[in-house]
Amino acid sequence: MKAVQFNTYGGPEVLRSVETDSPSPGPGEVLIRVASAGINQLDAKIRSGAMATAMPLSFPSGTGFDAAGTVLAIGDGVDDVAPGDAVFGIGKNTVAEQAVLNQWAKVPHGIDPIEAGGWGVAVETAGRLLTELNLEKGTILLSGASGGVGSALIQFAVGRGLKVIGTASERNHDYLSSLGAIPLTYGPGLAARVANAAPEGIDGALDISGAGVINELITIVGNAAMVISIADFTAPRHGARISSGATRTTNPCDAFAEAIALPHFTLNIEHKYPIEDVRAAHQHIERGHTIGKLIVTP
C-alpha cells in the first residue's frame, strides 16, 4: 500500500510517498481503508523535530493521527463495528491508503467519510479541553478559534450553553459567527475588546494558537487555573495549565458521541490534498490561519 513516511526530522521536504506493507489491527483496534486523513499542527511539529524530546521517533516514521474510512478488519475484542462500516477516529500513521485506529465512532448518516477524516483529533481535543475547564455556565475565550480544534470547541461550547468569544484574523470572523461565536481580532488591545464584548467577564480561556498570549489570558480571566493551553508549554510557569492527548484522562469516544449528537455538527474543509501533495499540506498548516481543517486523500 501507499503511505507517507520520513527518515529524518526536517521541513516538509522530508516527507515522501512509499510502498509498504499494510498494518494489522491488534486487540481493540480496527483497520480501515482510508477515505481521508486530517493534517494537524502537531503533525508538522513532530516532523520538524520540535517534539523530539517529548515524542521521540524511530525512523522511518509515518505521519498522521486522524482519519476516516471503511473498516477492513477488526482486532480481538471489537464488537461495535464490522467490516464495511464507515468510521472516523484516531490512530497512528493515518496518512496512508490503510491505517489502524484505536479510537473510533461510526460516521453519522449523511456525512461523507472524506469530510469526517479531519474530525478525530479536533473533536477529541475540544471535548477534552471543555471537560478539563469544567464550566457548566458562563463565557469562555478561545485564542485562535478558526482552525479545526477551535471550530469543534465553539460548537461543543454553544451546545453546552456557554457563551463563546473567539479570536481570529478579520477574514475569518464571518466563519466564527456562523458557528455561534462572537469574533474578535487578536493582538494589542484584546483585553479592552473582550471587556466590551463580554461585560459580564470571562470565566475561562483556552489557548489553541500558542501565540504567546498566556499572561494576557490570565489577566483577562483573573484566575490562572482557568486558562488552559494546548500549544504553549510555558503555561505552567504562569500558573496556567497544559492539556495534552498524551496525558488525557478523558475518553475520546465520549467526544465523538457529543459531536454526533449535535445537530449539524461540521468542520469546514479548507483544502483537500492528494497524498502526493502532502508536503504542500504541511506547508499550509505551518502558515496558520486555516479555516477549519486540511485533509489528505489517498
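## α3 against α8

In this predicted model, helix α3 uses Gly-120, Val-123, Glu-124 and Gly-127 to touch Pro-252, Ala-255, Phe-256 and Ala-259 of α8. Sorted by class, that α3–α8 contact comes to five nonpolar, two polar and one charged residues.

As for geometry, α3 and α8 (residues 252-261) have axes 8 Å apart and pack at an angle of about 100°. Angles of 65 to 115 degrees count as roughly perpendicular, and α3 and α8 are therefore roughly perpendicular to each other.

## α3 against α4

Helix α3 (residues 119-133) also meets helix α4 (residues 148-159): their axes come within 8 Å and cross at roughly 50°. That makes the pair oblique, and the crossing of α3 past α4 is right-handed.

On the α3 side, the contact takes in Ala-122, Val-123, Thr-125, Ala-126, Gly-127, Leu-129 and Leu-130. Facing them from α4 are Gly-148, Val-149, Ala-152, Leu-153, Phe-156 and Ala-157. The tally for α3 with α4 is ten nonpolar, three polar and no charged residues.

Now for the strands. Six of them form an open sheet with parallel pairing, in the order β10-β9-β8-β11-β12-β13. β10 (182-184) and β13 (241-242) are the edge strands with a single partner each, so one side of each has no neighbour in the sheet.

The partner of β10 is β9 (residues 163-167), joined to it in parallel by three bridges. One of the bridge pairs is Ile-165 with Ile-182 of β10. Helix α4 packs on this sheet too, touching β8 (139-143), β9 and β11 (204-207). The direction of α4 makes about 175° with that of β8.

Terms used: Residues numbered from 1 in each chain as written. Predicted model: local features only at pLDDT ≥ 70, side-chain atom pairs only at ≥ 80, totals over all residues. Heavy atoms only, no water. Axes fitted to C-alpha atoms, helices over the stretch in contact; angles between N-to-C directions. Helix = DSSP H or I, 4+ residues; strand = E, 2+ residues; numbered from the N terminus. Parallel < 35°, antiparallel > 145°, perpendicular 65-115°, else oblique. Left-handed = near helix turned anticlockwise from the far one by under 90°. Contact = heavy atoms within 4.5 Å. Nonpolar A, V, L, I, M, F, W, Y, C, P; charged D, E, K, R; others polar. Pairing = 2+ DSSP bridges.
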